[in-house]
Amino acid sequence: MKSIKFSVAPMLDWTDRHCRYFYRVMSKEALLYSEMVTTGAILYGDRDRHLYFEEAGPVALQLGGSDPEDLAKAAKIGEAYGYSEINLNCGCPSDRVQKGSFGACLMAEPDLVAECYSAMAESTSLPVTIKTRIGIDHEESYQFLANFIDKVSDKGCNHFILHARKAWLSGLSPKENREIPHLNYERVFEIKRNYPHLEIALNGGVQDLAQTELLLESVDSVMVGRSIYHNPYQMAHVDQQIFEIDVPIKSRFEIIMEMEPYITKHINSGGRLNHIVKHMLGLFHEVPRSRLWRRYLSENMHREGADFQVVLDAYRQLNA
């Protein structure tokens with residue numbers, strides 16, 4: 001699988017199809033990840049609600065599960081919906097996920113993960129990747145991570161996304177698990193040096209595109225999460241700065257206007273404005289008077305009948 005140098009992490013309640021469409025307006029090249037979707041939701045739930053999307057470009061479906069047969073079925077369905085990669089979550093530490101016997105607790109069962117990978121890879125022509133932590137609880141040695149990678153890569157997996165923190169499976173909330181275990185980028189670099197034939201992506205704590213460029217000197221790709229969500233205009237610079245493609249950088253107003261047809265279509269089909277523009281609140285991050293943009297949208301995007309005019313009126317607050 002050819003590495004895509006930059007991706008936006010799967011983030012629950014954030015990287016839904018509307019958020020990803022917004023990012024795609026700004027970057028044609030970045031790999032965008034879905035929220036984690038459980039195999040049960042795909043096999044027995046409202047499939048369209050979880051899987052349908054409209055944005056062009058590379059989009060990865062992240063699956064949560066630990067049953068090889070169910071994962072294989074879900075991967076095949078994901079391919080039919082037009083995703084370009086299937087990813088297995090072996091990194092989420094939440095209690096709900098652990099009760100389902102998947103997420104970060106799978107790091108303790110590398111043979112099962114290898115079996116899951118094989119089943120998924122056999123069911124789809126898409127690349128299948130693994131996103132995991134660098135350790136769990138008191139298992140944080142290099143050898144623990146290397147053993148996990150050995151077992152799964154022996155089955156053919158050649159692309160791992162490593163969140164450069166271990167996960168505490170009890171005692172910390174998911175939010176605390178993103179902040180308290182210390183970042184260990186060197187562990188990820190060490191894996192890349194010792195497994196040069198594998199595609200290794202680094203995730204965790206990446207703040208901006210300048211840091212991304214530095215990290216790309218040591219790994220194949222970088223996955224950025226919350227810093228992009230809070231300051232999404234960075235996406236407008238990704239194609240030029242990270243992928244080195246000579247394209248014009250869109251202004252924030254141009255981005256707003258490109259969102260108009262999508263927003264209007266969503267509202268006309270029975271959707272609500274806030275479903276989309278909640279992801280746009282950070283568009284003017286660090287721009288003077290940006291709080292007025294955020295306040296106006298926050299106060300008006302939920303009201304009955306709210307449409308694209310609310311977005312235009314919010315923009316006018318910046319120049320009032």
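What follows is a walk through aromatic pairs and charges over rings in a predicted model.

**Stop 1: the pairs.** How many aromatic pairs does the count come to? The count comes to eight. Select Phe22 and Tyr23 for one of them. Their ring centres are 5.9 Å apart and their planes meet at 35 degrees, so this pair is tilted: stacked would need under 30 degrees, edge-to-face over 60. Both Phe22 and Tyr23 are buried.

**Stop 2: a link along the chain.** Now select Phe284 and Tyr315. This aromatic pair is tilted, with 6.0 Å from centre to centre and 45 degrees between the planes. Where do the two residues sit? Phe284 is in the loop between helix H14 (273–277) and helix H15 (290–300). Tyr315 belongs to helix H16 (residues 308–317).

Phe284 has a relative accessible area of 4%, so it is buried, as the cut-off is under 20%. Tyr315 comes to 23% and is therefore partly exposed.

**Stop 3: charges over rings.** Select Arg252 and Tyr233. The charged end of Arg252 sits over the Tyr233 ring, 3.9 Å from the ring's centre. Then go to Trp14 and Arg226. Here Arg226 lies over the face of Trp14, at 4.9 Å from the ring centre.

Methods:
Residues numbered from 1 in each chain as written. Predicted model: local features only at pLDDT ≥ 70, side-chain atom pairs only at ≥ 80, totals over all residues. Heavy atoms only, no water. Phe/Tyr/Trp six-rings, centres within 6.5 Å; stacked < 30°, edge-to-face > 60°. Buried < 20%, exposed > 50% of the residue type's maximum accessible area, 1.4 Å probe, protein only. Helix = DSSP H or I, 4+ residues; strand = E, 2+ residues; numbered from the N terminus. Lys NZ or Arg CZ within 6 Å of the ring centre and 35° of its normal.
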